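Hello,

Here is the structure I promised to pass on. Please open it first, then read my notes below.

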Amino acid sequence: MKRILIILIAMFPFFSCGKKAALPYETDKIAAPEGGEVEIVFIKHGSLALNYKGFHIQIDPVSKQDGMTVDYSKFPKADLILVTHDHFDHLDPDAVKTLQKGGTRIILPRSSCEKLGFGEVVAEGDRIEVDEDVCVDVVPAYNTTEDHMKFHPKGYGVGYILTIAGLKVYVAGDTELIPEMAALADEKLDAAFLPVNQPYTMTVAQCLDAARLIRPRILYPYHYSDTPVRQVADSLADSSIEVRIRQMQ
């Protein structure tokens, strides 16, 4: 009996170190022009994960918000972490440290780097060639409504355009409709994440104007709290833009 127990204990690691269990979040998969699929994991609020052929990207990972806890130890370690700005619902040092491994690149604006204490500082206009499949362009994100500019003044935070095997994904960060978005129409975006949450980001009307301006193939309203984002989908129902509502309150 003792020998049998020893054998079972020795075998246990082989049975217990398989693939991690599926995560309890909605996911979409979008075909990349250069082959393969980009998987998008909709975590919460402004937190997203993107995966392409084993390359793992985390955007604004946050462990706790609005009564929900995200266990980032259940996710694969990140190859790339992008932070849009340093508000508590976008930058969580504990989540970043949980996701880190040797070689993880952490890209973030200056104020976020000062809060986290490490990472690669970027500003609007920068381009980062991460590897042969992944490129990141840094774009502006800020408030324009006079009494809201205190939340996200120009130069404080950023948004990102990720090009993954030819697939272009715009993650706007915390922003309102800004003049710089006019140039994004030329990007031929495959997907765009636009925040809809007053008083910090866009109104529904601003989101609609932004969507019509940048013309993404797929629009994901995100960072929306209790905003009635179904209005966005209804208003664009007859357009060429496909609106996908996911759990991103």
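**Salt bridges**

Asp137 is buried, with a relative accessible area of 16%. Keep in mind that this is a predicted model. The partner of Asp137 is Arg127, and the two form a salt bridge with the closest N and O atoms 2.7 Å apart. This pair links distant parts of the chain. Arg127 sits in strand E10 (residues 127-129) and Asp137 in strand E11 (residues 134-141), ten residues apart. Arg127 itself is exposed, at 55% relative accessible area. The cut-offs explain the labels: buried means under 20% and exposed means over 50%.

The count of salt bridges comes to ten. Another of them joins the side chains of Arg105 and Glu120, at 2.8 Å from N to O. Arg105 belongs to strand E8 (residues 105-108) and Glu120 to strand E9 (residues 120-121), so the bridge ties together parts that are 15 residues apart in sequence. Both ends are partly exposed: Arg105 has 25% relative accessibility, and Glu120 has a relative accessible area of 30%.

Glu242 and Arg244 also form a salt bridge, with their closest N and O atoms 2.8 Å apart. Glu242 is partly exposed at 40%, whereas Arg244 is buried at 18%. The pair is part of a network: salt bridges with shared partners join Asp28, Glu242, Arg244 and Arg246.

**Aromatic pairs**

There are seven aromatic pairs by count. In one of them, the ring centres of Tyr25 and Phe75 are 5.8 Å apart and the ring planes are at 25°, so the pair is stacked. The cut-off for that label is planes under 30 degrees apart. Tyr25 lies in the loop between helix H1 (2-16) and strand E1 (26-31). Phe75 lies in the loop between strand E6 (68-69) and strand E7 (80-82). The pair therefore ties together parts that are 50 residues apart in sequence.

Phe42, Phe193, Tyr220 and Tyr222 form one aromatic cluster.

What is the strand order of the open seven-stranded sheet? The order is E10-E11-E12-E13-E14-E15-E16, and the pairing is mixed. E10 and strand E16 (242-243) stand at the edges. Each has a single partner strand, so one side of each is left without a neighbour in the sheet. Further in, E14 and E15 pair in the parallel sense over five bridges. Within that pairing, Pro195 has Tyr222 of E15 as its bridge partner. Helix H4 packs on the sheet and touches E13, E14 and E15. The direction of H4 makes about 155° with that of E14.

Which residues of H4 (residues 204-214) are buried? They are Val204, Gln206, Cys207, Leu208, Ala210, Ala211 and Ile214. These buried residues pack against strand E13 (167-171), strand E14 (191-195), strand E15 (218-222) and helix H5 (230-235). Just after H4, Arg215 takes a positive phi of about 55°.

**Two single residues**

Ser47 lies in strand E3 (residues 47-52). Is Ser47 buried or exposed? Ser47 is buried, with a relative accessible area of 0%. A polar atom of the Ser47 side chain lies 2.6 Å from the backbone oxygen of Asp60. Not counting residues up to four places away in sequence, Ser47 touches Val41, Phe42, Ile59, Asp60, Pro61, Val62, Gln65, Tyr72 and Met248. One of these, Phe42, is also a member of the aromatic cluster.

Gln100 is in the loop between helix H2 (93-99) and E8. Gln100 counts as partly exposed, at 27% relative accessibility. Leaving aside neighbours within four places in sequence, Gln100 is in contact with Lys77, Ile106 and Phe118. The C-alpha atoms of Gln100 and Ala123 are separated by 22 Å, and these two residues are 23 residues apart along the chain.

Best wishes

Terms used. Residues numbered from 1 in each chain as written. Predicted model: local features only at pLDDT ≥ 70, side-chain atom pairs only at ≥ 80, totals over all residues. Heavy atoms only, no water. Salt bridge = Lys/Arg side-chain N within 4 Å of Asp/Glu carboxyl O. Helix = DSSP H or I, 4+ residues; strand = E, 2+ residues; numbered from the N terminus. Buried < 20%, exposed > 50% of the residue type's maximum accessible area, 1.4 Å probe, protein only. Phe/Tyr/Trp six-rings, centres within 6.5 Å; stacked < 30°, edge-to-face > 60°. Contact = heavy atoms within 4.5 Å. Pairing = 2+ DSSP bridges. Axes fitted to C-alpha atoms, helices over the stretch in contact; angles between N-to-C directions. Polar contact = N/O pair within 3.5 Å; in protein donor to acceptor, adjacent residues only side chain to side chain.
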